[in-house]
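Please examine the sequence and the structure shown below. The paragraphs that follow lead through the model step by step.

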Amino acid sequence: MAGRSDDAAIDGAAWSVVEEAAPELAGRVRARFAAYRHHVLATLRRDGAPRLSGLEADFRRGELWLGTMNGSRKVLDLRRDARFSLHANPGERAEVPELGDVRVSGRAVEVTDPELLARYAAQVRPPEPFQLFRAEVTEVVRTYIESPYVVVETWSPGRPVRTIRRTSKDATPKVG
């Protein structure tokens with residue numbers, strides 16, 4: 001079935017659920033994505049290999065929207081296997097930025113409702129024709145530096161935010 005994957009047992013959530021369950025993390029993630037217009041989308045090719053593509057992500061009306069050029073390879077990938085990871089543009093500097101390095105993963109649900117597509121096009125004015133997907137979020141990850149630690153915050157539906165702190169000297173990470 002198009003849009004299905006082996007990962008279907010994990011329920012995804014609308015972005016509004018992330019904002020309600022983990023407001024501080026969600027705010028930092030949105031701010032990080034807002035710093036740049038273009039980001040990196042990972043999808044799966046037909047042979048299972050990863051494909052990385054540029055993408056404009058849009059947080060609007062409690063959803064994370066993934067807009068793309070009509071008929072692109074990423075559209076074909078997402079129709080075949082809806083799983084994706086969206087990594088915020090790392091920017092010009094090599095260091096982890098102040099807001100951290102962020103990634104949102106989940107499943108992409110293609111939007112086919114003509115009214116919703118028209119409303120989105122009127123607000124965003126994407127190059128047409130375009131295709132639109134709504135993200136069902138299964139994981140949010142933020143990585144940042146809190147000297148001497150690298151800190152990784154993760155959130156998944158139905159679970160609280162988990163924070164791991166570690167240094168390269170740590171045999172096991174410090175969770176908490």
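Proline 148 is placed in the loop between E6 and strand E7 (149–155). In this predicted model, the peptide bond that joins serine 147 to proline 148 is cis, with omega at about 10°. Another cis peptide bond joins glutamate 128 and proline 129, and here omega is about 0°. Proline 129 is part of the loop between H4 and E6.

The loop between H4 and E6 also contains arginine 125. The phi angle of arginine 125 is near 55°, a positive value in a residue other than glycine. Is arginine 125 buried or exposed? Its relative accessible area is 68%, and because exposed means over 50%, arginine 125 counts as exposed. Arginine 61 has a positive phi as well, near 50°, and it too is a residue other than glycine. Arginine 61 belongs to the loop between E2 and E3. With a relative accessible area of 45%, arginine 61 is partly exposed.

These loops can now be set within the whole chain. The secondary structure comprises four helices and nine strands. Followed along the sequence, these elements give the pattern α-α-β-β-β-α-β-β-α-β-β-β-β. The chain has 176 residues, of which 39% count as buried. Among contacts between residues at least 6 apart in sequence, 58% join residues at least 24 apart.

One pair of residues illustrates how sequence and space can be read together. Glutamate 24 and valine 161 are 137 residues apart in sequence, while their C-alpha atoms are 9.9 Å apart in space. Glutamate 24 is located in helix H2 (residues 23–34). At 57% relative accessibility, glutamate 24 counts as exposed.

The next topic is charged side chains. How many salt bridges does a search of the whole structure find? The search finds 13 salt bridges. One of them pairs aspartate 77 with arginine 51, whose closest N and O atoms are 2.6 Å apart.

Which residues does aspartate 77 contact when its neighbours within four places in sequence are left aside? They are Thr43, Leu44, Arg45 and Arg51.

Aspartate 58 and arginine 60 meet through their side chains in a salt bridge of 2.7 Å, N to O. In this pair, aspartate 58 is buried, with a relative accessible area of 14%, whereas arginine 60 is partly exposed at 26%. Arginine 103 forms a salt bridge with glutamate 139, and the closest N and O atoms are 3.0 Å apart. This pair links distant parts of the chain, since arginine 103 is in strand E5 (residues 101–110) and glutamate 139 is in strand E6 (residues 130–146), 36 residues apart. Arginine 103 is partly exposed, with a relative accessible area of 26%, and glutamate 139 is likewise partly exposed at 26% relative accessibility.

The final topic is the empty space between the atoms. Rolling a probe the size of a water molecule over the atoms shows where such space is left. In this model, the largest pocket holds about 420 Å³ of space. The largest pocket is lined by 19 residues, and Glu56, Gly67, Val124, Pro126 and Pro127 are those that lie nearest its centre. Which elements each supply at least two residues of the lining? They are E2, strand E3 (63–69) and helix H4 (114–124). E2 gives the most, with six residues. Sorted by class, the lining has nine nonpolar, four polar and six charged residues.

Technical notes: Residues numbered from 1 in each chain as written. Predicted model: local features only at pLDDT ≥ 70, side-chain atom pairs only at ≥ 80, totals over all residues. Heavy atoms only, no water. Salt bridge = Lys/Arg side-chain N within 4 Å of Asp/Glu carboxyl O. Buried < 20%, exposed > 50% of the residue type's maximum accessible area, 1.4 Å probe, protein only. 1 Å grid on protein atoms, 1.4 Å probe; cavity = no way out; pocket = protein on both sides within 12 Å on 5 of 7 lines; lining within 4 Å. Points joined across faces, edges and corners; volume = space filled by probe spheres on them. Nonpolar A, V, L, I, M, F, W, Y, C, P; charged D, E, K, R; others polar. Contact = heavy atoms within 4.5 Å.
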